[in-house]
Structures are given as structure tokens and as C-alpha cells.
Amino acid sequence: MAVVADNGLTDGMSRTVVQNLKTLYMDLLRPIELESSFGHFNDAVLTVSELEARPQVLLIGQYSTGKTSLIKWVTGINSAFFDIRPRPSTDKFMAVVHGDEEKVINGDAATCLPKLPYSGLSRFGSSFLSKFQVLVEDADILKQITFMDTPGVLSGDKQRISRGYDFMKVCRWLASRSDLILLLFDAHKLDISDEFKEVIESIKGDGDKCRCVLNKADEIDGENLVKVYGALMWNLGKILQTPEVARMYVGSFWDEDYKCKDLERLLNQDRKDLVQELKDLPRNVCVRRVNEVVARARAVKVHLALCCALRARLPSLGWCGRRQRRQRWLTEHLPEVYAEVMKEYEFAAGDMPALEHFKERLRGFKDFRSFQRSCRSQQETLNKLIHHEIPRLMALVGGVSASDLGHKANGTCAISSHDFAPEGLNGKGRGEPGRGWCCWLLVILLLVVFAAVLAVFASPEVRVAVEQKLGRTSLSWLRGLHVPNLPWLQDPWATNKEVTDEL
């Protein structure tokens with residue numbers, strides 16, 4: 001069965017939102033990420049191709065759970081590059097994308113194509129790139145969605161075999177850039193290997209995008225299927241440590257007839273629900289992109305606050321290894337820094353990065369002096385992005401109706417908040433009582449005092465007395481003043497000659 005895509009789902013409004021979001025990220029958020037070394041502690045900066053990419057579906061599961069078969073069933077592609085066998089057959093990461101003709105692009109070349117959002121995979125080295133391919137097919141659903149097939153997660157002694165790259169980190173990178181994650185399980189093999197547990201735990205941060213697929217369910221009768229379903233939910237609950245597990249699709253996702261007809265209606269319904277969720281991905285792509293950028297901006301805010309706090313606690317003089325000892329002390333006492341930053345910036349505990357991960361990355365950071373002393377201007381830029389620019393962008397999406405309480409009723413007189421303010425002391429103004437009147441009174445009083453001082457200095461007798469007390473040079477600063485009717489201030493030694501002679 002091939003899913004037919006609706007080409008009208010990615011409308012002009014979605015493109016406008018994504019393009020404006022790309023501009024905001026590149027102009028406001030990305031420079032701050034680079035200056036603050038955000039990529040050392042978290043994911044690398046996003047690229048233009050990643051922001052503009054089609055929605056991606058990531059499939060993860062142990063070997064022979066039907067990952068490749070599900071892609072073949074959804075896309076309707078019968079390609080020789082799909083190696084489907086009852087034993088571990090897929091040993092590569094394979095992205096299935098849209099193109100005019102069928103071809104395979106190897107990993108090194110795929111990371112260099114600007115139209116593909118995989119340039120960031122080059123960070124995992126040539127050992128991984130040799131196990132990464134891009135399959136180009138002319139399928140209708142691929143115009144809207146991209147699929148990422150992964151090697152089967154190893155179990156038993158096989159998980160000790162070296163892959164040559166960090167499988168868990170690759171899966172985490174792909175999960176953070178995917179719009180839907182499908183965790184596939186075989187109804188006949190419910191044991192979850194240690195490596196699969198580590199992968200599931202590593203993508204907890206993207207748990208809202210995870211869905212579970214219990215495949216090959218037509219080979220079990222209804223009574224045993226209920227037991228299998230319950231056991232799988234219990235195992236996942238222990239791994240995810242959440243009261244509710246992700247949505248579970250139960251079925252057999254291929255074109256063959258069901259072997260057991262007991263739950264045919266239920267299995268068909270779950271197949272339809274899964275297909276519908278895949279069709280809805282392009283419709284909501286702009287909202288998911290905005291959500292990712294906002295979450296990233298909040299993470300950068302916390303990262304900036306932590307880095308500034310660490311920089312402020314370094315000694316000004318680092319003689320005899322004092323600075324290095326202080327850095328090691330701060331790394332080991334990181335929970336204290338967390339507590340102070342949370343209190344100062346009013347961050348929630350859920351906003352802070354994972355303590356052990358941040359500590360591990362901090363140990364690999366050579367010099368804390370690379371952190372900025374102050375992040376006030378950058379925090380203001382991020383607040384502007386989150387509280388002003390993003391809401392203005394989301395207004396283009398719409399879809400949410402305003403409350404009736406925000407509309408003025410017809411035929412009624414609008415009442416201003418000033419109508420409820422108390423009268424001022426003058427009996428006319430509104431607002432805080434006497435506030436404006438007191439300000440004007442203070443200004444008039446200062447002017448009167450200044451005029452009185454000038455009038456006193458206008459007297460020659462006072463001038464002479466002041467000169468005797470302070471000396472002749474003490475009043476030299478008065479020469480620069482241009483006060484009317486006080487000519488002696490311009491040249492105090494050339495006027496009032498009579499008084500001077502008398503003295």
C-alpha cells in the first residue's frame with residue numbers, strides 16, 4: 001500500500017513562516033550560539049537545509065522488527081536496495097528521499113549536498129559515513145516526507161561488536177532533527193537489549209515525538225496479543241520512567257494477508273491511524289519548526305547564565321595554577337552553581353541541562369576565561385526573540401480564536417481605567433494623587449532658591465567679603481557664567497573700583 005500525499009499541505013503560509021523563522025535564527029540566535037560555545041555542550045548550530053527540510057520520520061528498533069518493510073509498505077517502493085530478510089540485513093543508515101530517478105548517494109557525497117539536511121553527520125567521522133547512504137526514489141509520499149532507516153539494534157553478545165562509531169550519539173542527533181520517531185517491536189520478541197535501552201533513554205528529550213509500533217501482530221491470537229501488549233507497555237514504562245507510555249500502534253505493516261483474523265478490524269484501524277499521522281506531518285511542520293527554535297532559544301538562555309556564573313567565580317589572578325584549581329573546584333561543585341543561577345534568573349529545575357552531561361562537557365573545556373563576563377545584552381536579545389518576534393510570527397499561523405471577553409460589546413460605552421483612578425490633589429487630574437503637583441512644586445522651589453543665591457552674589461559688599469575669605473582665584477570659575485545684571489562676574493577685578501580702593 002502506497003500512501004498518497006496531499007501536495008497542498010505545505011501551503012504558502014507555512015513557507016512564509018519557515019522563511020521568516022530562518023531569518024530570525026540566523027540573525028539573532030545563531031550568532032549567540034557561536035559566541036557562547038553552545039555547540040560544545042549541546043547540538044551543533046542548525047543549518048539552512050535543516051530548517052527548510054521536509055518532515056523526517058526516524059525508525060529505530062532491534063533487528064528483524066520490520067523497519068524496512070514498513071517503509072516499503074508506506075512508500076510503495078519495490079527497490080532492490082531494500083534488503084528484507086528474516087535475519088539482520090540492514091547494516092547502514094539509509095535516508096529515503098524524493099528525486100526524479102532511482103539512485104544511491106554515499107555518505108561523504110550526501111553530506112556535501114546543500115539540498116539535504118545531513119551536513120552535520122560529518123562530525124561522526126568516516127567510519128560512520130561509510131555506513132550511511134541516501135536512496136533517491138520517485139514516490140509521491142516522499143515529496144512531503146523523508147524516511148530514515150537505521151541498522152537493527154544489537155542484542156546479546158552481538159552488541160559487543162564494535163561498530164566503529166557511536167551508535168547512540170548518531171541516533172540522538174537524528175532524533176533531535178526528526179519530526180516523528182517510530183520505535184518498532186516484534187510481537188514474538190519482547191526482550192529489549194541493553195543497547196536498545198540506552199538508545200531509548202538517550203532520546204527522552206524528544207519523547208513527545210516518539211510512537212511505538214508493535215509489528216507482526218497478526219501472527220498472534222487475541223488473548224495472547226493482549227498479554228504481549230501489556231508486557232511491552234510495562235517494560236517501556238520502566239525504561240522511560242513515565243506514568244504514561246507513548247501511543248502504541250498494533251498491526252502488521254506489509255501488504256500480505258493477516259494470518260489470524262481475530263482482531264482484523266482493530267489492526268486495520270491502527271494502520272489507518274498511523275497513515276493519517278504521517279499525512280498530518282507536513283501540515284504542522286511550521287509549528288514544529290517554531291517550537292524547536294523557541295526550545296533552543298530557552299536552552300541558550302540557561303547556557304549563557306551558567307557560563308557567566310562560572311566566569312564570574314574565577315580569580316582575577318591565576319598565578320601558580322590557581323585558576324586551574326578553581327576551574328576543577330567549580331566543576332565538582334556544579335550543583336551549587338546551578339542553585340545560584342536558578343535563584344538569580346528564576347529558572348525552573350526542568351530548564352537546566354542534565355548535570356552529569358554538562359559536567360562531562362565542562363571537564364573538556366580548556367579555559368573558563370573564554371566565557372563572557374556579562375550576558376545582559378544577549379539575554380535581552382533572546383527575550384526579544386521569544387516574547388516579541390516569535391509571537392508575531394505565530395500570529396501568521398492563526399488557528400486559535402480569541403476570547404469573547406476581549407471584544408467590545410455593541411451599544412455599550414467603553415470605560416477607561418482612568419475612570420476608576422482617584423482624583424489628584426488639584427481636583428482635576430486623574431492617576432496617583434498629588435504626584436504631578438508635587439513635582440511642579442519641587443521645580444518651582446529649586447528655581448526660587450537659585451534666583452535668591454544669584455541675588456545675594458549681585459551685592460558688591462557680599463562679593464568683597466567672599467573674596468577676603470576665599471581669595472582672589474577662588475572666584476575665577478564665575479567668569480564663565482553669563483548672568484544678566486551681574487557685570488562684575490565677567491571681570492570681577494575690573495569693576496566696583498570704589499569698593500576696591502576703599503579696601
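The tour starts with the whole chain and then visits single sites.

**Before you click**

This is a predicted model, in which local features need pLDDT of at least 70 and side-chain atom pairs count only at pLDDT 80 or more, while totals for chains, interfaces and linings use all residues. Residues are numbered from 1 along each chain as its sequence is written, and side-chain values use heavy atoms, with hydrogens and water left out.

**The whole chain**

Show the cartoon: the chain has 18 helices and eight strands. Helices (H or I, at least four residues) and strands (E, at least two) are DSSP runs, numbered from the N terminus. Of the 503 residues in the chain, 42% are buried; buried means under 20% relative accessible area, exposed over 50%, and partly exposed in between (1.4 Å probe, protein chains only).

Accessible areas come from the Shrake-Rupley method with a 1.4 Å probe, and for residues only the protein chains shown count as cover. Among contacts between residues at least 6 apart in sequence, 77% join residues at least 24 apart; contact means heavy atoms within 4.5 Å.

**Stop 1: salt bridges**

How many salt bridges does a search of the whole structure find? The search finds 15, a salt bridge being a side-chain nitrogen of Lys or Arg within 4 Å of a carboxyl oxygen of Asp or Glu.

Select R177 and E50, whose closest N and O atoms are 3.2 Å apart in a salt bridge. R177 sits in the loop between α7 (167-176) and β6 (180-186) and E50 in helix α3 (residues 48-51), so this pair ties together parts that are 127 residues apart in sequence. R177 is buried, at 16% relative accessible area, and E50 counts as buried at 10%.

Next, select D179 and R289, which meet in a salt bridge of 2.9 Å, N to O. D179 lies in the loop between α7 and β6, and R289 in helix α11 (residues 285-312), so the pair ties together parts that are 110 residues apart in sequence. D179 counts as buried at 4% relative accessibility, and R289 is buried with a relative accessible area of 4%.

Then pick D206 and K209: they form a salt bridge with the closest N and O atoms 3.4 Å apart, and both residues are buried.

**Stop 2: a lysine without a salt bridge**

Move to K359 in helix α14 (residues 355-363). K359 is buried yet has no salt bridge, and E356, the nearest side chain of opposite charge, is 4.3 Å away. Here Lys and Arg count as positive and Asp and Glu as negative; His and the chain ends are not counted. Leaving aside residues up to four places away in sequence, K359 touches T331, E332 and L334.

**Stop 3: R326 and its neighbors**

R326 lies in helix α12 (residues 322-332) and counts as partly exposed at 29% relative accessibility. Which residues does R326 touch, not counting residues up to four places away in sequence? They are R313, L314 and P315. L314 is twelve residues from R326 along the chain, and their C-alpha atoms are separated by 6.6 Å.

**Stop 4: positive phi**

Check the backbone at S37, which is not a glycine but has a positive phi of about 60°. S37 lies in the loop between α1 (12-35) and α2 (38-41) and is partly exposed, at 24% relative accessible area.

K216 also has a positive phi of about 60° without being a glycine. Look for K216 in the loop between β7 (210-215) and α9 (222-240); K216 is buried, with a relative accessible area of 13%.

**Stop 5: surface patches**

Select W440, V443 and L447 to see a nonpolar surface patch with about 360 Å² of accessible area together. Patches are made of residues with over 30% relative accessible area and no salt bridge: like charges are joined within 9 Å, nonpolar side chains (Val, Leu, Ile, Met, Phe, Trp, Tyr) within 5 Å. V443 lies in helix α16 (residues 435-457) and is partly exposed, at 40% relative accessible area.

Finish with D255, E256, D257 and E264, which gather in a surface patch of negative charge. The place of a charge is taken as NZ of Lys, CZ of Arg, CG of Asp or CD of Glu. E264 lies in helix α10 (residues 264-280) and counts as partly exposed at 33% relative accessibility.
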